Amino acid sequence: MYSMTTSAVPAPRGPVTRKDVARFAGVSTAVVSYVVNGGPKKVAPATEAKVQDAIRVLGYRPNAAARALKLGSSETLGLIVPDISNPFFSLFSHAVEDAAAALGYALVLSNSDGNLAKERRNVRNLAARQVDGVLLASVLFEPDLEALETADIPSVLLNQERDAPGFNSIGVDLAAGARIAVEHLIGHGHANIGLAMGTNVSGSTDGREVGWRQALQEAGLPEGPISYSAFTRPGGYVAGQRLLASVNRPTAIFATSDMQGIGLLRAIHEAGLSVPGDIAVASFDGSADSEYSWPPLTTVEQPVAAMAEAAVAALVGASRGEKPRHRIFPTKLHIRQSCGCP
């Protein structure tokens, strides 16, 4: 073992630099760089220990801005989601952060609140910060990414159920997932299945609504009542009140998000009805909240971890000149009690 004393080298005045660490440890600045950056050259364990001790004693903090300038990379990715308080996007953001960290990137997160103007402002802000790439869950199918394109910053679109030409994109087959849930409700003998449908800014028909219609049509059943509302708990609550008040009150309801499903459960309980005894419920997303509602929600789960890893890999690949492509992931039905299963 070696011993190091702080008296051998005078303490630096002002901000501690890499040269100060090198002088304190008795090594070159290049060796300090190898230790701080984890390479590219290997450093002997004893030498690395001396450098780490010098860093600790002097309180050295690498200058991220200087490093970014030298490398031509901020080693930072941006993520824009509609609402981080939504359990699905919270889970997804965490998975993206883990996937980015595994490749050596930090993550900057921002919310658009489902607002197009705020989404565009967030895109411009991330471009101005010169992040290495942006992952965007947009309110539009083909969002305005001029600020990123001008700055030559790659992007990946999230929550995309179909190909957006010229963009890297990630998503699930929303229609197929919805069909699985509605077919399951039909299997319980329900012939009048309503839809609590989330609204979007794009104006296009959501795949979950398409899947709901397809499942009913293929079973030879008429379409039940529809209520359009926000992809939120209050949105599901309002949708539930409307569906329960309809002349043709459904015996089962498919909610297009777990958040809506939870709000829907409250509306049903407040009406003095039971789930699934009076009305069965199924939802979409597979968030943790769905497992702890009462009763626990039968839900269509999106493979969050796999999608996050693929999105980050596509973003890094785009910066290396790889051609954009669209990736669709399968969903899985998690059967719990809200549908009528034991």
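Accessible areas come from the Shrake-Rupley method with a 1.4 Å probe; for residues, only the protein chains shown count as cover. This is a predicted model, where local features need pLDDT of at least 70, side-chain atom pairs count only at pLDDT 80 or more, and totals for chains, interfaces and linings use all residues. Residues are numbered from 1 along each chain as its sequence is written, and side-chain values use heavy atoms, with hydrogens and water left out.

**Exercise 1.** State the accessible surface of the protein and its carbon and sulfur share.

Solution. The total is about 16600 Å². Carbon and sulfur atoms hold 52% of that area.

**Exercise 2.** Why is the protein described as more spread out than a compact globule?

Solution. Start with secondary structure: there are 13 helices (DSSP H or I, at least four residues) and 12 strands (E, at least two). The radius of gyration, over C-alpha atoms, is 26 Å. The C-alpha trace spans about 85 × 45 × 30 Å along its principal axes.

**Exercise 3.** Describe the setting of Ser 229.

Solution. Locate Ser 229 in strand β7, residues 226-229. Ser 229 is buried, at 7% relative accessible area. Its side chain reaches the backbone oxygen of Gly 235 at 2.7 Å. Beyond four places in sequence, Ser 229 touches (heavy atoms within 4.5 Å) residues including Met 197, Thr 199, Arg 242 and Gln 260.

Technical notes. The radius of gyration is taken over C-alpha atoms; the globule rule is 2.2 Å times the number of residues to the power 0.38. Buried means under 20% relative accessible area, exposed over 50%, partly exposed in between (1.4 Å probe, protein chains only). A polar contact is a pair of N or O atoms within 3.5 Å; within protein, one must be able to donate a hydrogen and the other to accept it, and residues adjacent in sequence count only if both atoms are side-chain atoms.
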